[in-house]
Amino acid sequence: MVSLLLVEDDPAIRSALMRSLRELGHGVNAVATGMSALSSAVEQKPDVVLLDLGLPDVDGADVLSMLRAISEVPVIIATARDDETEIVRLLDLGADDYVIKPFTAAQLNARIRAVLRRSGRSDEDPLINVGALVIDTRSREVTVDGRPVELARKEFDLLLALARRAGEVVTKRDLLAEVWQLAWGGSDRTVDVHLSWLRRKLGESAARPRFLHSVRGVGVRLAASAEPGDA
Ligand code: CA
């Protein structure tokens with residue numbers, strides 16, 4: 001279980017996030033101020049800190065600097081401002097990643113997994129199997145029926161995002177956010193184009209899917225075989 005320290009002063013956002021993160025199987029400890037964030041980070045040694053920037057006592061950026069002085073714990077910033085200069089400043093201060101409010105639990109969870117992988121703290125199995133499709137998340141190698149499949153970077157990222165939620169229908173909106181880091185904007189067309197390339201490389205087509213099942217108007221599900229309801 002991943003232990004998260006959630007720093008958020010808004011009670012509604014805090015309890016909603018706690019609930020969704022716990023549903024995702026994480027251990028969550030939540031605090032509402034910068035000072036309590038610092039003491040919790042020291043005492044409880046969380047695996048990841050999710051830090052809101054607008055806190056009542058200490059500015060989130062200052063909390064980040066203080067935290068960096070005492071701990072190397074991965075920190076994901078939650079900001080309401082989609083401001084590139086500000087985000088670059090926070091990454092320079094030692095943030096590992098960021099999410100822009102409002103964000104979905106799925107998006108946040110993808111960022112959590114990513115920072116854990118980068119920090120080497122992830123204990124997830126590096127191999128993901130979906131029927132005859134095998135994805136090595138560390139070496140980024142993919143095989144189908146034991147034969148290697150050469151994927152471009154975004155094709156692999158797209159496949160991986162789907163594989164981590166295998167069996168679930170993932171929306172194009174979520175894929176744009178997770179794979180292309182487009183929390184807002186971006187076009188479904190981007191996803192469609194990469195899906196069609198990915199399909200070709202996996203040896204299937206939209207009309208005859210083997211792994212990538214489009215669900216019309218909803219999104220895509222990665223699964224080893226078709227299930228009723230596939231479009
Ligand atoms: Ca706040």
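Domain bounds here come from an automatic or database domain assignment, and for this chain that assignment gives domain 1, covering 3-119, and domain 2, covering 127-222. The model is a predicted one.

**Domain arrangement**
- Taken over C-alpha atoms, the centres of domain 1 and domain 2 are separated by 28 Å.
- Eight residues of domain 1 are in contact with seven residues of domain 2, and the two domains bury about 800 Å² between them, with 53% of that area on carbon and sulfur atoms.
- Across the interface of domain 1 and domain 2, the rule finds zero salt bridges.

**Packing of H6 and H8**
- Two packed helices are described by the angle between their axes and the distance between the axes.
- Helix H6, residues 153-163, packs against helix H8, residues 188-201, at an angle of about 90°, and their axes lie 10 Å apart; because angles of 65 to 115 degrees count as roughly perpendicular, H6 is roughly perpendicular to H8.
- On the H6 side the contact is made by Lys154, Glu155, Leu158, Leu159 and Leu162, which meet Val191, His194, Leu195, Trp197, Leu198 and Lys201 of H8.
- By class, the residues of this contact between H6 and H8 divide into seven nonpolar, one polar and three charged.

**Backbone features**
- Most residues other than glycine have a negative phi, and most peptide bonds are trans.
- Lys45, although not a glycine, has a positive phi of about 45°, and its place is in the loop between helix H2 (34-44) and strand E3 (48-52).
- The peptide bond from Lys101 to Pro102 is cis, with omega near -5°, and Pro102 is placed in the loop that runs between strand E5 (97-100) and helix H5 (105-118).

**Salt bridges**
- Side chains of opposite charge can pair when their charged atoms come close.
- A search of the whole structure finds 13 salt bridges, and one of the pairs joins the side chains of Asp52 and Lys101, with 3.0 Å from N to O.
- This pair links distant parts of the chain, since Asp52 belongs to strand E3 and Lys101 to the loop between E5 and H5, 49 residues apart.

Methods
Residues are numbered from 1 along each chain as its sequence is written. This is a predicted model: local features need pLDDT of at least 70, side-chain atom pairs count only at pLDDT 80 or more; totals for chains, interfaces and linings use all residues. Side-chain values use heavy atoms; hydrogens and water are left out. Axes are lines fitted to C-alpha atoms, for helices over the stretch in contact, and angles run from 0 to 180 degrees between N-to-C directions. Helices (H or I, at least four residues) and strands (E, at least two) are DSSP runs, numbered from the N terminus. Angles under 35 degrees count as roughly parallel, over 145 as roughly antiparallel, 65 to 115 as roughly perpendicular and the rest as oblique. Contact means heavy atoms within 4.5 Å. Ala, Val, Leu, Ile, Met, Phe, Trp, Tyr, Cys and Pro count as nonpolar, Asp, Glu, Lys and Arg as charged, and the others, Gly among them, as polar. Buried area is the accessible area (1.4 Å probe) that two parts lose on being put together, summed over both. A salt bridge is a side-chain nitrogen of Lys or Arg within 4 Å of a carboxyl oxygen of Asp or Glu.
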